[in-house]
Amino acid sequence: MLRLLWLIPLLPFMGFALNGLLGARVLPRRAVGLIACGTVLLSFLVSLGAVLSLGSLPETAEGLLIDHDARRVTQTLYTWMPLGEGADGRSIGVDWAYVLDPLSAVMLMVVTGVGFLIHVYSVGYMGHEPRPAYARFFSYLNLFMGMMLTLVLGASLPVVFVGWEGVGLCSYLLIGFYYDRMFDEKTGMSCADAGRKAFIVNRIGDMGFLLGMLLLFSLTGTMDIQGVLDQAGTLGPMVCTVAGLLLFVGACGKSAQIPLYVWLPDAMAGPTPVSALIHAATMVTAGVYVLCRMAPMYVLAPGALLVVAVVGAATALLAASMGLAQTDIKKVLAYSTVSQLGYMVLAVGVGAFSAAIFHLLTHAFFKALLFLGAGSVIHALSGEQDITKMGGLRSRLPWTHLTFLVATLAIAGIPPLAGFFSKDEILWKAFVRHPAFWVVGVAGAFMTAFYMTRLYILTFRGMERFGEEARHHLHESPPSMTVPLVALAVLSAVGGWVGIPAVISLGLPNVFEHWLAPVLPAAAAHETSGYAATAAHAAGPLEIGLMALSVGVALAGILLGWLLYEKRPELPERVAAGARGLYLLVYNKYFVDEIYGKVVLAPYYGLCRASAWLDRWVVDGAVNGAGYLTLGSSYTSRGFDEWIVDGLVNLTGNMVRGFSAALRVVQSGLVRSYATVMVLGIFILVSVYLLTMG
Amino acid sequence: MPVPPTHVLIISLLLFSVGMIGVLIRRNVIIILMSIELIMNAANLNLIAFSRQLNNLVGQVFGVFTIAVAAGEVAVGLAVVLALYRNRATVYVDEVQIMKG
């Protein structure tokens, strides 16, 4: 299976080609869904086979480069960009190569596994769409899978970048899927606008990624990730810091960190399975993945890691607080995603790379489940997304309700569900780095538990607040939607068990960390510093104590949510009225979009208008001036030609004509006049002869 | 009593003048042809008159030649006139001026 590595991204690309070219007209609806799901399923199976054989690698294999120590398999398909030879005689170039190691293996399973479930779900969710839109949706979704797998498997930075840009493109296409619809009536933002916003904000990040990539290339002479990392030690901390920060700018865009997170909440304009797949489970985690890929370099750059940690912690806290007052079911989940991504970035920042990937894994499960559950609710309510118009759906949508509840508890961090283990590992590692990070993380966890409880109660419990019309159409979703929900619920429940920390598993090692150990550096450089060393020294009881504390905080958040929304539903409004300023600040998301509009967009539009003015009057003026000049000289030239040159020619002609008219009279055609002239001529000649001779 | 050549030359001159005026002023092509005959015969009279004066028979032979040539000339000329009449239905030279420039 290892040698079929190239097939993993190719299969979804084939599905994309088939559905994209034939789906709208030729293929029947069932075939479109079958191709889309089938290619991803095959991709999943190939990935599974490859990952399983990663455990017992063969000594050698044809066409594969196997590194047994790092448990890394590289498959080079061809030289993509041959760049000739470097100064030392080595050939420089970029290979199109795929790499499978424990890190990409985890991503591979998440992307193909969750991706397949969401594909199946989409068959039901998008069932009401007309056939061209249906085929378009699935071809985009398959294209996304192919691009994401390229990103995950890419062995060199340019290949990763191709995937990186590709998923950005698919994100744009799918956010703007309902390009003819309005997304936000209040701000007049259409779905197409939301897609554009995502694309443009991501471009800012991509610029950083590109610059970081080129910096590393110019200094190491290779684009190969492993090659760069092998030389990272020789680059010095300064270069590592700069390159790390540049790559982190890219990660900020893709993984929606402050200050580039603004696109993700608006990305909810896309269909809900897209939000689940791209904007929760896979694409947005690409930034975290790349950070972890480059982990050996980040370890050498403590300054960059500190920035990463601070940004991550700030995002985790602020995004969670923005989620508190949202009323759109998907927007709550979107801010929750931003916040959870903040946790992953915080984990990277404190050097806990495997914890970041662990949280990425569990988050993919429960956040995809939350989105799909939300999609199921929206589907059942014929498109309603406002949680103030829901309520009481518990008995109407039993499967959705049950799975949603599991996901809510998982994200809140209730043991033994998946979110508890991953979040707690991050919190512990953050505490070891500095307690401030832990405090921020726990505060975020409290808010997470609260807003998720609020979301759950407003949606599924209490009074039914939707209209008679919606009640009439209300139905539990078809099996194609509920089966993926149940599968994800199971994963959300038990998925965390792969990473039970050693401290509570009675001495068994942390399986997940152990699995990733060959790839990720276990300890960042700062862990040798004095404070961290003492903290690590007192690990056992302290870790368990903090764990209990964070569970208590999560329970407190849930309890508060339950009190406010289940027990005393009139209280939230009074709280909002009491702290009106704070409430409005949070409700309007700290006015970040408005500030960006004033600070970034307004000057930019001004610049655009100035450029347009310059273009219209100066550049166009010069061009038009040149045109008029040519026109004027042409008129002069034409005058000269018509009056002088043609005049001379015509004069010649007219002269000939005039003389001819005079001479023509002689040629009268009258024989007698000729005879007369002849006689007169003879008479004259004879007269002259006689007179001169005489 | 022989006729002196001067008289003959005067007759010849008159005959030539009549022929020339006929050629110049008449429109009918047949009369023009006839006038040309007069001119030629005026020339013949001259040849014969000088032949007698100089006692040289070449002049008279030349006259006979001229009469033969005139006969041929009339034959050709009348054929042309006939062709002209057939094509244009006229014998007036003023109405035949297709060579006008």
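**Exercise 1.** Determine what percentage of the residues of chain B count as buried, and describe how chain B is spread out.

*Solution.* Of its 101 residues, 9% count as buried, a residue being buried if 20 or more other C-beta atoms, placed from the backbone, lie within 10 Å of its own. The model is predicted: local features need pLDDT of at least 70 and side-chain atom pairs count only at pLDDT 80 or more, while totals for chains, interfaces and linings use all residues. Residues are numbered from 1 along each chain as its sequence is written, and chains are lettered from A and ligands numbered from 1 in the order in which they are written.

Next, chain B holds three helices and zero strands; these are DSSP runs numbered from the N terminus, helices being H or I of at least four residues and strands E of at least two. The radius of gyration of chain B, 17 Å, is well over the 13 Å that the globule rule gives for 101 residues, so chain B is more spread out than a compact globule. The radius is taken over C-alpha atoms, and the rule is 2.2 Å times the number of residues to the power 0.38. Finally, the C-alpha trace of chain B spans about 55 × 25 × 25 Å along its principal axes.

**Exercise 2.** Characterise the contact of chain B with chain A by residue count and class.

*Solution.* Ten residues come from chain B and ten residues from chain A, where contact requires C-beta atoms, placed from the backbone, within 7 Å. The chain B side comprises six nonpolar, two polar and two charged residues. Here Ala, Val, Leu, Ile, Met, Phe, Trp, Tyr, Cys and Pro count as nonpolar, Asp, Glu, Lys and Arg as charged, and the others, Gly among them, as polar.

Key. Two residues are in contact if their C-beta atoms, placed from the backbone, lie within 7 Å. A residue is buried if 20 or more other C-beta atoms lie within 10 Å of its own, exposed if 12 or fewer, and partly exposed in between; C-beta atoms are placed from the backbone.
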